Amino acid sequence: MAATDWISGKWARLRGGDRKEPDADADVAGRRKSSWAQRTTAHVAHLQALLNRREEVTDLSAGDQKIAEKIETHLAVARNAAGGWKSPTSILTGSRIDRAYSNIHKAEVKLLKLVPEDEGELKWAGTVVLAQARQHLGPNDPRLVALEDRLKNGSQEMMPDLKELAVATLLAAHEAEEAERAQARSFRNILLAAVIATSVIAALFILWNFKGNSVISTLLCFNPPEGQVCPTGKSGSRVDALLVEGVGAGAAALAGSLAIRKIQGTTTPYSIPAMLVLLRLPVGALSALFGIMLINGRVIPGLSNLDSTSQIAAWAVIFGVAQESLTRMIDAQGNKVLGNVRGPERGIEGGENA
């Protein structure tokens with residue numbers, strides 16, 4: 001459909017005329033396959049339906065009409081963030097995810113403002129706001145405390161005089177949720193930077209060895225009485241570093257597959273568990289490389305010369321698995337960050353931020 005037709009349909013709907021228009025939510029849902037995009041689009045469609053119903057059953061004042069137009073803008077931005085083109089920058093930073101959630105939250109707050117004071121829908125809005133606030137606000141937050149006290153006195157039904165308090169409480173809860181998600185996104189980006197940095201460093205050692213520089217092989221080869229022993233044979237090779245790092249990364253992958261049983265999944269769109277597993281590979285490669293160098297330098301007590309290539313490979317496996325002692329601490333931090341991201345799927349723990 002042409003852009004002019006869509007615009008004319010939009011103006012007709014805002015004026016209360018013909019309400020038929022392209023179903024943008026269905027179009028986005030059909031084009032985007034990620035679960036996050038599908039869930040976001042479904043929620044936007046739900047909010048759009050609530051707004052359409054409000055405009056149909058209520059004669060909006062000029063001020064409320066301005067609010068409705070702002071809601072339309074928020075929903076359009078959220079819809080575009082969920083279904084629009086994903087630039088490499090937005091994928092890495094997660095900016096489009098934050099943009100979608102922020103605009104959805106602002107649309108929800110404005111929709112609450114449009115609920116007429118004489119409708120039964122307003123009575124039960126307090127329960128919804130209270131659940132959101134308990135998820136994300138501290139138990140001593142004055143807005144939450146005030147809303148809880150007033151709703152208890154009103155048998156969980158919200159009166160018109162509580163509407164502004166509910167709006168302020170919902171806005172504060174959404175801002176707290178956005179802060180929780182921002183922390184998760186920041187931690188994911190730190191993990192991503194660590195994966196990239198360690199992978200580049202590991203690749204540079206391999207490239208350095210491939211260039212024919214004998215320094216790397218010298219650090220990985222041993223000189224027992226029987227003669228020189230290197231990772232790939234009796235003499236230094238361009239693939240010595242590749243072999244050691246490959247064995248270390250493989251051992252780290254094996255250890256990581258066993259550690260998956262303790263790694264939590266997440267409903268957030270930030271792939272923190274996957275990043276935690278991925279980080280093990282370059283760290284395991286570097287652990288094996290540096291570990292063999294430490295043995296060669298006689299830094300580790302009780303170890304001096306390794307007598308065969310199989311011993312070098314075996315110690316590369318040991319050092320590749322040993323990286324678990326480091327990555328497990330990172331796993332614990334990742335689980336803590338994920339635990340701070342609260343949502344309706346989690347039980348309410350007294351309203352405290354974990």
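Biologist: Hi! Is the crossing of helix 12 and helix 13 right-handed or left-handed?
Modeller: The crossing of helix 12 and helix 13 is right-handed. Keep in mind that this is a predicted model.

Biologist: Thanks. At what angle do helix 12 and helix 13 pack, and how far apart are their axes?
Modeller: Helix 12 (residues 272-296) packs against helix 13 (residues 309-322) at an angle of about 125°, and their axes are 8 Å apart. Helix 12 and helix 13 are therefore oblique to each other.

Biologist: And the whole chain, how many helices and strands?
Modeller: The protein chain has 14 helices and zero strands. Of its 354 residues, 42% are buried.

Biologist: Switching to charges. How many salt bridges does a search of the whole structure find?
Modeller: The search finds six salt bridges. One of them joins the side chains of Asp 98 and Arg 185, at 2.5 Å from N to O. That pair links distant parts of the chain, as Asp 98 is in helix 6 (residues 95-114) and Arg 185 is in helix 9, 87 residues apart.

Biologist: Why does Arg 185 count as partly exposed?
Modeller: Because its relative accessibility is 21%, and the partly exposed class lies between the buried cut-off of under 20% and the exposed cut-off of over 50%.

Biologist: Which residue does Glu 177 form a salt bridge with?
Modeller: Its partner is Arg 181, with the closest N and O atoms 3.2 Å apart. Both residues sit in helix 9, four residues apart, about one turn of the helix. Glu 177 is buried at 8% relative accessible area, and Arg 181 is buried too, at 11%.

Biologist: What about Arg 143 and Asp 141?
Modeller: Their side chains meet in a salt bridge of 2.8 Å, N to O. Arg 143 is partly exposed at 34% relative accessibility, whereas Asp 141 is buried at 14% relative accessible area.

Biologist: Now the surface. Which residues form the nonpolar patch?
Modeller: The patch consists of Ile 196, Val 200, Leu 204, Leu 207, Phe 210, Val 239 and Leu 242, with about 580 Å² of accessible area together. Helix 9 (residues 163-210) gives the largest share, five residues.

Biologist: Where does Val 239 lie?
Modeller: Val 239 is in the loop between helix 10 (214-220) and helix 11 (240-259). With 31% relative accessibility, Val 239 is partly exposed.

Biologist: Last one: is Glu 164 buried or exposed?
Modeller: Glu 164 is exposed, at 56% relative accessible area.

Note on methods:
Residues numbered from 1 in each chain as written. Predicted model: local features only at pLDDT ≥ 70, side-chain atom pairs only at ≥ 80, totals over all residues. Heavy atoms only, no water. Patch = residues over 30% accessible without salt bridge, like charges linked within 9 Å, V, L, I, M, F, W, Y side chains within 5 Å. Areas by Shrake-Rupley, 256 points an atom, 1.4 Å probe, with all protein chains shown as cover. Salt bridge = Lys/Arg side-chain N within 4 Å of Asp/Glu carboxyl O. Helix = DSSP H or I, 4+ residues; strand = E, 2+ residues; numbered from the N terminus. Buried < 20%, exposed > 50% of the residue type's maximum accessible area, 1.4 Å probe, protein only. Axes fitted to C-alpha atoms, helices over the stretch in contact; angles between N-to-C directions. Parallel < 35°, antiparallel > 145°, perpendicular 65-115°, else oblique. Left-handed = near helix turned anticlockwise from the far one by under 90°.
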